[in-house]
Every structure is written in structure tokens, then in C-alpha cells.
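Here are my notes on the model, as numbered points. Please read them with the coordinates open.

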Amino acid sequence: MKFYYYLEPLKGGMGDSMKHLNYAFRFGALFVIVTGTLAHFLYDWCNNTAVVGLFTPVNESIWEHMKLLFFPMLLYAFLLIWRLKPTYPGIPSALYAGILAGTALIPLFFYSYTAVLGKDCFVLDLSTFFVSIFIAFWLSYRFTLSRKMCRYTTLLRWLVCILFILFMLFTYSPPALKIFEDPAI
């Protein structure tokens with residue numbers, strides 16, 4: 001079986017189509033977990049190359065760790081939109097909503113559990129990453145099927161673009177806010 005099988009538009013019945021979409025989103029979650037995990041180390045592996053740092057964490061701040069979900073899911077979203085939009089016209093808005101939700105969940109979960117525990121915990125950090133990815137893809141899947149977000153496609157696309165630009169701007173010139181603080185310093 002070809003690895004891109006689930007990224008091809010399906011011409012079968014609705015049941016097969018939904019199963020096909022479900023597998024595409026499950027593969028996407030796995031893709032984001034693997035690429036996001038590798039991206040965590042890529043900046044160091046590339047000798048702190050500035051261009052690499054725009055797309056991967058340059059420090060241990062929560063803001064930089066949001067990139068671990070945002071960029072891999074955005075890349076996968078482009079692929080899914082390109083391949084599946086003819087079959088699922090609501091997929092762009094659904095994926096944009098999922099990207100925004102998943103990215104926002106990382107600081108939400110992190111600051112929630114650290115407020116309760118009073119400190120961060122590596123296992124909970126990993127759980128935050130994984131749960132944010134699963135929720136992002138689950139929401140994307142549900143919104144794709146319901147097409148409820150279609151009327152917001154332009155707004156969601158702009159919000160993703162704005163977040164993209166903010167990642168570019170704040171990587172090397174972060175504001176003096178807690179979310180940008182590197183706890184390793």
C-alpha cells in the first residue's frame with residue numbers, strides 16, 4: 001500500500017469516504033507527533049541556524065513550543081487541502097480551526113496544570129502536546145464533516161496567517177511577557 005493512499009480523494013460511497021477521511025486525520029495526528037517531536041531538536045541539530053529557528057523552538061518558552069504543533073499541522077493541512085478539497089469542500093476552514101485550537105491549547109493546558117501543581121512536569125508537558133494534537137485533529141475532522149466552519153474560512157485563514165507572522169516576528173524579538181520567557185535561563 002502506498003503511504004499517501006489516505007491522502008487521495010475517494011470516489012466511493014459515503015461510508016468509505018468517512019472512513020478514508022478518518023484515516024487521513026489519524027495519520028495527520030501521527031505525522032504532527034513525529035515531526036513536532038523531531039522539530040524540538042532540529043534547531044540545535046542545525047547549529048542554531050536562524051531560518052530553522054523561525055519554524056522550530058529556539059528556547060524552552062511556551063511560545064516556542066507552540067510551533068511544534070502549528071508548523072507540522074499547517075504543512076499537513078496544505079497537503080490535505082490540496083488532495084481532499086474536491087471531496088470535502090469544508091476541509092480548509094476545519095483545518096484552520098483545528099490548527100488555531102490546538103496551538104492555543106498548549107499554553108492553556110500548560111498554565112492550567114502548572115497553576116495547580118506549582119511547577120512543570122515533563123510527563124504533563126508531553127501529555128499537553130499529544131492531547132492538543134488529538135483535539136486539533138478531532139475538531140478538524142468533526143468540522144470537516146459538519147461544514148459548520150465554511151462561512152468562516154477567510155477569517156480563519158487570516159488568523160492562521162497572523163499567527164504565522166507572529167511566530168516569525170517574536171522568535172528573535174519576543175515581547176517581555178511570561179509566555180515568551182525561557183525557563184532555562
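1. Thr153 and its contacts. Leaving aside neighbours within four places in sequence, Thr153 is in contact with Pro92, Ser93 and Tyr96, where contact means heavy atoms within 4.5 Å. Thr153 belongs to helix α6. Its relative accessible area is 15%, so Thr153 is buried; buried means under 20% relative accessible area, exposed over 50%, and partly exposed in between, with a 1.4 Å probe and protein chains only. A polar atom of the Thr153 side chain lies 2.8 Å from the backbone oxygen of Cys150.

2. Basis of these notes. This is a predicted model, in which local features need pLDDT of at least 70 and side-chain atom pairs count only at pLDDT 80 or more, while totals for chains, interfaces and linings use all residues. Residues are numbered from 1 along each chain as its sequence is written, and side-chain values use heavy atoms, with hydrogens and water left out.

3. Overall fold. The secondary structure comes to six helices and zero strands, in the order α-α-α-α-α-α along the sequence. Helices (H or I, at least four residues) and strands (E, at least two) are DSSP runs, numbered from the N terminus.

4. Size and packing of the chain. A compact globule of 185 residues would have a radius of gyration near 16 Å, and the chain has 17 Å, which agrees. That radius is taken over C-alpha atoms, and the globule rule is 2.2 Å times the number of residues to the power 0.38. Along its principal axes the C-alpha trace spans about 55 × 35 × 30 Å. Of the 185 residues, 41% count as buried. Among contacts between residues at least 6 apart in sequence, 71% join residues at least 24 apart.

5. Surface. The accessible surface of the chain is about 10400 Å², and 70% of this belongs to carbon and sulfur atoms. Accessible areas come from the Shrake-Rupley method with a 1.4 Å probe; for residues, only the protein chains shown count as cover.

6. Helix α6. What length should α6 have at 1.5 Å a residue? The 20 residues of this helix (residues 153–172) should span 28 Å, and the end C-alpha atoms are 30 Å apart, which agrees. The expected span is 1.5 Å times one less than the number of residues. The buried residues of α6 are Thr153, Leu156, Val160, Leu163, Phe167 and Thr171. They cover an arc of only 90° around the axis, which puts them on the same side of α6; the arc is that of the directions from the helix axis to the C-beta atoms. These buried residues pack against α2, α3 and α4 (91–117).

7. Helix α5. The 25 residues of α5 (residues 122–146) should span 36 Å at 1.5 Å a residue, and the end C-alpha atoms are 36 Å apart, which agrees. Buried residues in α5 include Phe129, Ile133, Phe137, Leu139 and Tyr141. Just after α5, Arg147 takes a positive phi of about 60°.

8. Met66. This residue is found in helix α3 and, with a relative accessible area of 6%, Met66 is buried. Not counting residues up to four places away in sequence, Met66 touches Thr103, Ile106, Pro107, Phe167 and Ile179. Met66 and Ser132 are 66 residues apart in sequence and 10.0 Å apart in space, C-alpha to C-alpha.

9. Gly90. The loop between α3 and α4 holds Gly90, which counts as buried at 0% relative accessibility. Beyond four places in sequence, Gly90 is in contact with Thr144, Arg147 and Cys150. The C-alpha atoms of Gly90 and Gly102, 12 residues apart along the chain, are separated by 18 Å.

10. Most residues other than glycine have a negative phi. Asn47, in the loop between α1 (14–45) and α2, has a phi near 55° and is exposed, with a relative accessible area of 70%. Asn48 lies in the loop between α1 and α2 and has a positive phi of about 60°. Its relative accessible area is 43%, so Asn48 is partly exposed.

11. Asn59. The place of Asn59 is the loop between α2 (50–55) and α3 (62–84). A polar atom of the Asn59 side chain lies 2.8 Å from the backbone nitrogen of Ser61. Apart from neighbours within four places in sequence, Asn59 is in contact with Glu64, His65 and Asp182.

Technical notes: A polar contact is a pair of N or O atoms within 3.5 Å; within protein, one must be able to donate a hydrogen and the other to accept it, and residues adjacent in sequence count only if both atoms are side-chain atoms.
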